[in-house]
Amino acid sequence: MDTTTEFRKFSANLDSLEPIREFLTGLANKLGLDKSRTYKLCLAVDEIATNIINYGYLKSGITDGMIDVIVDSNKELLTVTLEDTAIPFNPFENKLPGEVDLALPLEERPIGGLGIMLAKENVDEFRYEFENGKNRNIFCVNLK
Amino acid sequence: MNVSISKNENIVIITAEGSIDSKTAGDLQSQIMGTVAETNNVLLDLSGVSYVSSAGLRVLLMIYRQIKSKNGKVILVGVSEEIRDVMSMTGFINFFEITDSIENALNSF
């Protein structure tokens with residue numbers, strides 16, 4: 001099956017969040033993804049990109065880091081991969097808010113982990129790999 | 001992200017426009033928290049907000065905590081379907097009153 005790949009590099013700072021979302025929205029529109037699922041994909045990617053910028057690169061002491069955004073698509077699947085060279089950060093090792101936390105009154109709510117939870121819940125598949133010194137966060141959306 | 005603040009009797013109306021992400025949430029927070037600290041009633045108009053991430057939810061949480069501690073009230077207006085989705089999957093939706101117009105909101109305080 002024909003797969004198209006689009007690639008763009010962004011500076012790892014918070015100014016890049018909106019351009020990353022715009023890049024993804026443009027491609028998702030071309031692929032006919034509806035507004036709600038496009039929003040969800042942007043949200044998932046945005047939350048992880050924020051973590052890479054605010055924790056990954058910051059903890060690595062790297063100030064001029066980059067995030068590569070790679071978008072592969074065919075008729076069935078849209079895959080967005082974020083690659084960075086910050087310290088290994090596996091989002092699956094983070095404690096997520098459970099049902100009990102989410103039901104707590106907002107006064108008592110712990111706020112951590114919401115971003116990673118949103119990343120997982122808003123795409124059809126979310127995975128993480130660390131290979132050749134690179135973190136790779138992969139988001140898949142079914143197009144069929 | 002643009003923010004404006006106005007008053008209608010004892011109700012503070014905060015109008016936000018644009019995207020509330022990790023970049024802009026801090027600005028929004030610093031622009032509104034002083035005002036929120038001095039009132040019991042907040043109407044937050046999100047009609048012009050196209051995007052909210054967890055950083056935006058954190059600002060909502062702060063407004064909520066601040067107002068709740070004074071037994072006040074927060075009403076949201078103009079919350080898009082996508083933002084409602086984010087609020088429901090995080091359980092935030094149950095704690096906020098959401099109305100469809102500023103008039104209805106003003107009458108609900």
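Buried means under 20% relative accessible area and exposed over 50%, with partly exposed in between (1.4 Å probe, protein chains only). By that definition, B:Asn71 is exposed, with a relative accessible area of 75%. This is a predicted model, in which local features need pLDDT of at least 70 and side-chain atom pairs count only at pLDDT 80 or more, while totals for chains, interfaces and linings use all residues. Residues are numbered from 1 along each chain as its sequence is written, chains are lettered from A and ligands numbered from 1 in the order in which they are written, and side-chain values use heavy atoms, with hydrogens and water left out.

**Sheet of chain B**

- Chain B holds an open sheet of five strands with mixed pairing, in the order S1-S2-S3-S4-S5; strands (E, at least two residues) and helices (H or I, at least four) are DSSP runs numbered from the N terminus, and two strands pair if DSSP finds at least two bridges between them.
- Strands S1 (2-8) and S5 (97-99) of chain B stand at the edges with a single partner strand each, so one side of each is left without a neighbour in the sheet.
- On average, neighbouring strands of this sheet are turned by 25 degrees against each other, direction ignored.
- S2(B) and S3(B) run parallel and are joined by nine bridges; B:Glu17 stands opposite B:Gly48 in S3(B).
- Strand S3 (residues 41-52) of chain B also pairs in the parallel sense with strand S4 (residues 73-77) of chain B, over five bridges; B:Leu43 has B:Ile75 in S4(B) as its bridge partner.
- Nine of the 12 residues of S3(B) are buried, so this strand is largely enclosed by the rest of the structure.

**Helix H1 of chain B**

- Helix H1 (residues 25-37) of chain B lies across S1, S2 (11-20) and S3 of chain B, at about 15 degrees to S1(B); axes are lines fitted to C-alpha atoms, for helices over the stretch in contact, and angles run from 0 to 180 degrees between N-to-C directions.
- The 13 residues of H1(B) reach 17 Å from first C-alpha to last, close to the 18 Å expected at 1.5 Å a residue; the expected span is 1.5 Å times one less than the number of residues.
- H1(B) bends by about 30 degrees at B:Gln31, the bend being the angle between axes fitted to the seven residues ending there and the seven starting there.
- B:Ala25, B:Leu28, B:Ile32, B:Met33 and B:Val36 are the buried residues of H1(B), and their cover includes S1, S2, S3 and helix H2 (54-68) of chain B.

- Helix H2 (residues 35-60) and helix H4 (residues 114-121) of chain A pack at an angle of about 145 degrees, with their axes 8 Å apart.
- Among the residues that meet there are A:Leu43 and A:Ile48 in H2(A), and A:Ile116 and A:Leu118 in H4(A); contact means heavy atoms within 4.5 Å.
- A:Leu102, found in helix H3 (residues 99-103) of chain A, counts as buried at 18% relative accessibility.
- Beyond its neighbours within four places in sequence, A:Leu102 is in contact with residues including A:Pro97, A:Met117, B:Met89 and B:Thr90.

**Positive phi in loops**

- Most residues other than glycine have a negative phi.
- A:Asn132 has a phi near 50 degrees, lies in the loop between strands S4 (125-131) and S5 (134-142) of chain A, and is exposed with a relative accessible area of 73%.
- B:Asn71 has a phi near 55 degrees and is placed in the loop between H2 and S4 of chain B.
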